[in-house]
Amino acid sequence: MDLLNTLVDKGLRRESPTREEALAVLASSDEDLLDVVAAAGKVRRHWFGRRVKLNYLVNLKSGLCPEDCSYCSQRLGSKAEILKYTWLRPGQATAAAAAGVAGGAKRVCLVASGRGPTDRDVDRVSDTIRAIKEQDGAVEVCACLGLLSDGQAERLRAAGADAYNHNLNTSEATYGDITTTHTYADRVDTVNKAHAAGLSACSGLIAGMGESDGDLVDVVFALRDLDPDSVPVNFLIPMEGTPLAKEWHLTPQRCLRILAMTRFVCPDAEVRIAGGREVHLRTMQPLALHLANSIFLGDYLTSEGQAGHADLEMIADAGFEVEGAAEVTLPEHRAGARGGGCGSPTGADGSAAGGCGSHAGGGVCAPAPAARAEEPRTDLVAVRRRGAGTDLAPNA
């Protein structure tokens with residue numbers, strides 16, 4: 001059995017590939033790309049059909065963060081000319097959330113810059129969560145407020161939060177090269193706090209920061225072990241004024257391979273194409289829907305995204321459908337228990353069984369050509385000037 005057949009078979013059984021198999025997906029050639037997408041697409045359709053979940057970001061507090069995350073335009077010392085404002089009032093946040101829901105989003109993600117919330121901040125966000133739920137009881141609310149202290153996740157859950165987002169971003173081995181004001185272990189601890197409080201954990205990565213294939217596999221396998229229900233895959237948006245402004249390593253083909261690898265490793269988790277899809281996938285975005293079952297609608301925290309109506313047209317034209325508010329996103333075994341693992345039921349990495357195997361049709365064992373440099377597309381990076389924190393209508 002060739003590698004792709006092995007990966008599909010494992011994905012349908014909720015069994016994780018080996019590290020060697022995951023690396024082989026990232027190392028596959030452009031000539032094999034459609035075969036890789038087709039194989040990962042079988043796993044995606046098995047667990048999620050042709051549904052696409054829409055999520056909408058509301059930036060509750062923008063800029064002036066004391067942390068030094070190199071990728072972030074809101075970081076300490078950032079010279080990026082982004083919107084900067086303090087906490088939105090519950091009414092303002094609720095109005096922003098309503099715009100996303102009206103555009104088709106079933107989950108609203110409430111995000112605030114900063115190391116982590118104070119107890120007063122948790123009270124403020126709790127008021128906003130309750131206001132959103134009072135307006136629309138069906139909408140899912142995910143909070144993303146940074147590192148959590150003991151008891152804060154439980155308070156957010158009591159206020160009506162459904163999920164908590166805190167990304168690992170990159171491998172443990174390279175985390176210190178990206179951020180120095182907190183640790184990789186701090187991030188793992190917050191994801192575990194969300195789990196323990198009964199919140200659906202959302203945790204993902206950022207690709208394109210100069211990491212190796214091994215780093216990408218390491219962080220996705222670490223996410224599998226943490227067992228989040230949702231795995232957002234961000235592609236670095238190199239914002240002027242940040243330390244990583246000159247990092248342009250991604251091609252559309254590499255983005256697709258990263259999404260495919262993530263799908264194979266976390267076959268039954270919600271894989272979300274998050275920030276940077278317009279910048280790096282560009283016209284290949286519809287193909288990525290065969291790998292991921294979730295996207296953000298409209299704009300991001302500090303940068304503009306594709307127009308909301310264009311997102312909806314893209315989904316329809318690609319033969320997919322927007323997931324309705326009454327539909328359950330996760331497969332039954334995950335939705336019922338918030339568990340079951342996004343990898344092997346045993347959690348075993350296993351041996352390199354399967355490997356390249358037979359070369360009979362559809363294999364991805366041909367070596368990839370030398371990586372080509374990506375031309376910077378700074379024209380596709382636009383600072384958000386509308387929506388939350390402004391007087392202009394949001395993009396939804």
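User: How much accessible surface does the protein have, and what share belongs to carbon and sulfur atoms?
Analyst: This is a predicted model, and its accessible surface comes to about 14,800 Å². Carbon and sulfur atoms hold 52% of that.

User: And what percentage of the residues count as buried?
Analyst: 58% of the 396 residues.

User: OK, what about secondary structure? How many helices and strands?
Analyst: There are 14 helices and 10 strands. As for contacts with a separation of 6 or more, 80% come from residues 24 or more positions apart.

User: Let's pick a strand. Why is E2 described as largely enclosed?
Analyst: E2 covers residues 107-112, and six of its six residues are buried, so the rest of the structure largely encloses it. Arg-107, Cys-109 and Val-111 point one way, while Val-108, Leu-110 and Ala-112 point the other way.

User: Which strands does E2 pair with?
Analyst: E1 (residues 51-61) pairs with E2 in the parallel sense over six bridges, and Tyr-56 sits opposite Val-108. E3 (residues 140-144) also pairs with E2 in the parallel sense, over five bridges. There, Cys-109 has Cys-142 as its bridge partner.

User: What handedness do the β-α-β units have?
Analyst: E1, helix H4 (residues 90-102) and E2 form a right-handed unit. E2, helix H5 (residues 119-135) and E3 form a right-handed one as well.

User: Switching to packing: which residues touch the most other members of the largest nonpolar core?
Analyst: That core has 91 residues, and the ones touching the most other members are Val-58, Leu-156, Phe-235, Leu-259, Met-261, Ile-273 and Leu-289.

User: What does Leu-289 touch, leaving out residues up to four places away in sequence?
Analyst: Its contacts are Arg-44, Val-52, Ile-273, Ile-295, Met-314, Ile-315, Ala-318 and Phe-320.

Terms used:
Residues numbered from 1 in each chain as written. Predicted model: local features only at pLDDT ≥ 70, side-chain atom pairs only at ≥ 80, totals over all residues. Heavy atoms only, no water. Helix = DSSP H or I, 4+ residues; strand = E, 2+ residues; numbered from the N terminus. Buried < 20%, exposed > 50% of the residue type's maximum accessible area, 1.4 Å probe, protein only. Contact = heavy atoms within 4.5 Å. Areas by Shrake-Rupley, 256 points an atom, 1.4 Å probe, with all protein chains shown as cover. Pairing = 2+ DSSP bridges. Right-handed = clockwise from strand over helix to strand, strands pointing away. Core = buried A, V, L, I, M, F, W, Y, C linked by side-chain atoms within 4.5 Å.
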